[in-house]
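Please read this note with the structure open beside you. It goes through a few places inside the chain, one point at a time.

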Amino acid sequence: MFFLNKNIRAVIFDLDNTLYNENMYIAEVLHIFSKKYGLDFNKNDFIDNENLREKSNDIFSFWLHNINFYSKQKQEELFALYQNISFNMPLYEDARELLVFLKRQRVKIAILTNGVVSVQENKIKCIKELKKYKPRIFYARSLGKDYEKPHEKSFKMVLDSLNEDIENVIFIGDNLLTDIVGAERVGIKAIWVNKNDSKNIANVEFAVTNLREVLVKCW
């Protein structure tokens, strides 16, 4: 898998579940909401649920229905909190190590993320330590929902800004479709972060189980 070298001038990261645990962000929202209404909520169990996103695309509606506490008003209240919550959210430790390395090597760091722009902006604010790595942040939804990853337009937006030859750019993400297929479609070398060690890697050229492997295997 040795394909990275001193010619790599820019690394583009996905955000959610690549650089940090998104369950932690959602859990903090639900924790605050639960305290307000006196609900029983185990934050640690929620954070450790690796299959959470497979259950529903609308996690707040799913959660409220699951505890028989749903109303449209409460769903909207949760989403408002999702957009505006303020707390200090850590990076994954392996992500931090890779970012430190890239900064020392003077490699450009970028983040391309899907999702409602106001929510993704707030997540970036909550990951306070990100500032020290000076990443260039790109919100795919700013182009319109139809142009989010894996659409080529979102990746080209980042490439145009980085102003680097495409062979000197790599993309790192945890989603096979939106991250890996999308990046490769425009000619960017991509590394799949296979955190759950899935065996569904038949068509994946480069995969790691954590970001430390990017350093060990690729530099």
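1. The model is predicted. Its largest nonpolar core has 47 residues. Within this core, Phe13, Tyr25 and Ile172 have the most contacts. Helix α1 supplies the largest share of the core, six residues. Apart from it lies another core, of 19 residues, which includes Ala10, Val158, Leu159 and Phe171. As background, nonpolar side chains tend to be buried together in soluble globular proteins.

2. With neighbours within four places in sequence left aside, isoleucine 172 is in contact with residues including Val11, Ile12, Phe13, Leu98, Ile191, Val193, Leu211 and Val214. Asp14 and Thr18 are also among its contacts.

3. Eleven aromatic pairs are counted. In one of them, tyrosine 25 and phenylalanine 87 have ring centres 6.1 Å apart and planes at 35°, so the pair is tilted. Tyrosine 25 belongs to helix α1, while phenylalanine 87 sits in the loop between α5 (72–84) and α6 (93–104). The two are 62 residues apart, and the pair links distant parts of the chain. Tyrosine 25 has a relative accessible area of 0% and is buried. Phenylalanine 87, at 13% relative accessibility, also counts as buried because the cut-off is 20%.

4. A second pair joins phenylalanine 41 and tryptophan 63. Their planes stand at 90° and their ring centres are 5.9 Å apart, so this pair is edge-to-face. Phenylalanine 41 is in the loop between α1 and α2 (43–47), and tryptophan 63 is in helix α4 (residues 59–66), 22 residues apart. Both are buried: phenylalanine 41 has a relative accessible area of 16%, and tryptophan 63 has 9%.

5. Which residue lies over the face of tyrosine 25? That residue is lysine 123, at 5.6 Å from the ring centre. Lysine 153 lies over the face of tyrosine 147, at 4.3 Å from the ring centre.

6. Is glutamate 28 buried or exposed? Its relative accessibility is 15%, so glutamate 28 counts as buried. Glutamate 28 lies in helix α1 (residues 22–37). Not counting residues up to four places away in sequence, glutamate 28 touches Lys43, Ile85 and Phe87. Phe87 is the residue whose ring pairs with that of tyrosine 25.

Key:
Residues are numbered from 1 along each chain as its sequence is written. This is a predicted model: local features need pLDDT of at least 70, side-chain atom pairs count only at pLDDT 80 or more; totals for chains, interfaces and linings use all residues. Side-chain values use heavy atoms; hydrogens and water are left out. Helices (H or I, at least four residues) and strands (E, at least two) are DSSP runs, numbered from the N terminus. Buried means under 20% relative accessible area, exposed over 50%, partly exposed in between (1.4 Å probe, protein chains only). Contact means heavy atoms within 4.5 Å. A nonpolar core is a set of buried Ala, Val, Leu, Ile, Met, Phe, Trp, Tyr and Cys residues joined through side-chain atoms within 4.5 Å. Rings of Phe, Tyr and Trp (its six-membered ring) pair if their centres lie within 6.5 Å; planes under 30 degrees apart count as stacked, over 60 as edge-to-face and the rest as tilted. A charge sits over a ring if NZ of Lys or CZ of Arg is within 6 Å of the ring centre and within 35 degrees of the ring normal.
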